[in-house]
2 protein chains.
Amino acid sequence: MTPWLEPQQQRSWRALVDGAGRLVTHLDRHLRGAHGLSLAEYEVLVRLSELSDHQVHMSELAAGLSHSRARLSQTVDRLARAGLVTRLPCPQDRRGVHAALTPGGAAALRAAAADHVREVRRLVIDVLSDAELATVGTAMDKVRAAV
Amino acid sequence: MTPWLEPQQQRSWRALVDGAGRLVTHLDRHLRGAHGLSLAEYEVLVRLSELSDHQVHMSELAAGLSHSRARLSQTVDRLARAGLVTRLPCPQDRRGVHAALTPGGAAALRAAAADHVREVRRLVIDVLSDAELATVGTAMDKVRAAV
DNA sequence: CCCATGTAGTTGCACTGTCAACTATGTCGT
DNA sequence: ACGACATAGTTGACAGTGCAACTACATGGG
């Protein structure tokens with residue numbers, strides 16, 4: 001009774017939504033339980049750690065993570081309250097704010113990262129062949145571009 | 001500075017998380033805007049519509065959707081308030097409750113489904129080859145099993 | 001038969017996310 | 001130089017989710 005997809009397409013589609021959903025839920029719970037960080041907070045720390053000066057404009061950070069500015073603002077609030085990140089005014093643009101990783105934030109990330117990555121490997125990398133993983137990557141890039 | 005994955009793995013991994021996240025966010029907004037249904041509500045209606053008698057135990061429904069019972073209970077609350085679903089006591093087990101699709105719910109689903117499926121096609125099915133989609137499906141099934 | 005334990009479902013609370021409104025600042029056209 | 005409009009970021013109200021506690025019913029062992 002539902003106008004829908006062909007059975008094979010439907011199975012793949014549901015596997016994608018359900019699998020990705022469960023995966024993210026699991027990783028979030030794992031990080032919270034083991035390290036007191038939400039997945040969103042962890043991702044912010046990772047992005048900051050990848051930059052040479054460990055800081056960025058809030059907007060760039062939000063865009064890079066596909067989060068709304070409101071959401072990022074609140075995530076950074078929590079991280080700042082925990083002392084893992086600080087806000088710095090941007091000299092070139094007085095509207096702008098940089099989020100910067102603190103030493104404490106870098107330490108928290110180091111503590112969490114190995115454990116988190118182990119989980120990602122266990123649940124994704126290790127269960128897929130290289131070819132499968134690569135196909136998933138290019139496929140999801142196309143989807144991302146289409147959205 | 002982050003102990004992490006090989007670059008190629010990392011790209012695929014991020015494409016998966018980000019792509020799936022954006023996709024679901026988009027579909028949820030689309031459904032809300034066009035039909036006043038959240039994606040979670042829509043999925044409940046779809047599952048009910050697929051059953052011959054258009055009803056199930058709450059728990060089965062929750063399991064099928066990978067939602068907690070608490071979450072499903074509240075989603076069904078909203079659907080019931082909107083008249084799209086009703087709760088029926090289960091005769092065999094007096095603890096149990098069935099969620100049942102109402103005619104209004106079936107109508108709401110019919111109104112939303114074509115539009116929603118069109119969006120899924122546009123963003124996923126049409127941008128991927130059959131082989132890619134199939135690989136994504138089997139890959140995410142493996143991930144789902146691993147979680 | 002009864003008690004211990006398990007399961008179905010709901011509810012209250014805390015937390016996180018969305019949306020819209022708002023302040024402050026920057027930019028462009030005239 | 002000024003006003004209109006765009007952009008950066010934050011805030012407050014509200015919705016949805018997770019978790020833990022709770023009620024009600026079921027089931028299996030003594």
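Between chain B and chain A there are 12 residue pairs in polar contact, both residues at pLDDT 80 or more; a polar contact here is a pair of N or O atoms within 3.5 Å, one able to donate a hydrogen and the other to accept it, with residues adjacent in sequence counting only if both atoms are side-chain atoms. This is a predicted model, in which local features need pLDDT of at least 70, side-chain atom pairs count only at pLDDT 80 or more, and totals for chains, interfaces and linings use all residues. Residues are numbered from 1 along each chain as its sequence is written, chains are lettered from A in the order in which they are written, and side-chain values use heavy atoms, without hydrogens and water.

Let's look at charge next. Six salt bridges link chain B and chain A, each a side-chain nitrogen of Lys or Arg within 4 Å of a carboxyl oxygen of Asp or Glu. One of them pairs A:Glu50 with B:Arg14, whose closest N and O atoms are 2.8 Å apart.

Now follow A:Arg144, which sits in helix α6 (residues 130-146) of chain A; helices are DSSP runs of H or I, at least four residues, numbered from the N terminus. Leaving aside neighbours within four places in sequence, A:Arg144 is in contact (heavy atoms within 4.5 Å) with B:Arg14, B:Ala15, B:Asp18, B:Gly19 and B:Arg22. Its side chain makes a polar contact with the side chain of B:Asp18 at 2.9 Å, and another with the side chain of A:Asp141 at 2.2 Å.

Definitions and conventions
Helices (H or I, at least four residues) and strands (E, at least two) are DSSP runs, numbered from the N terminus.
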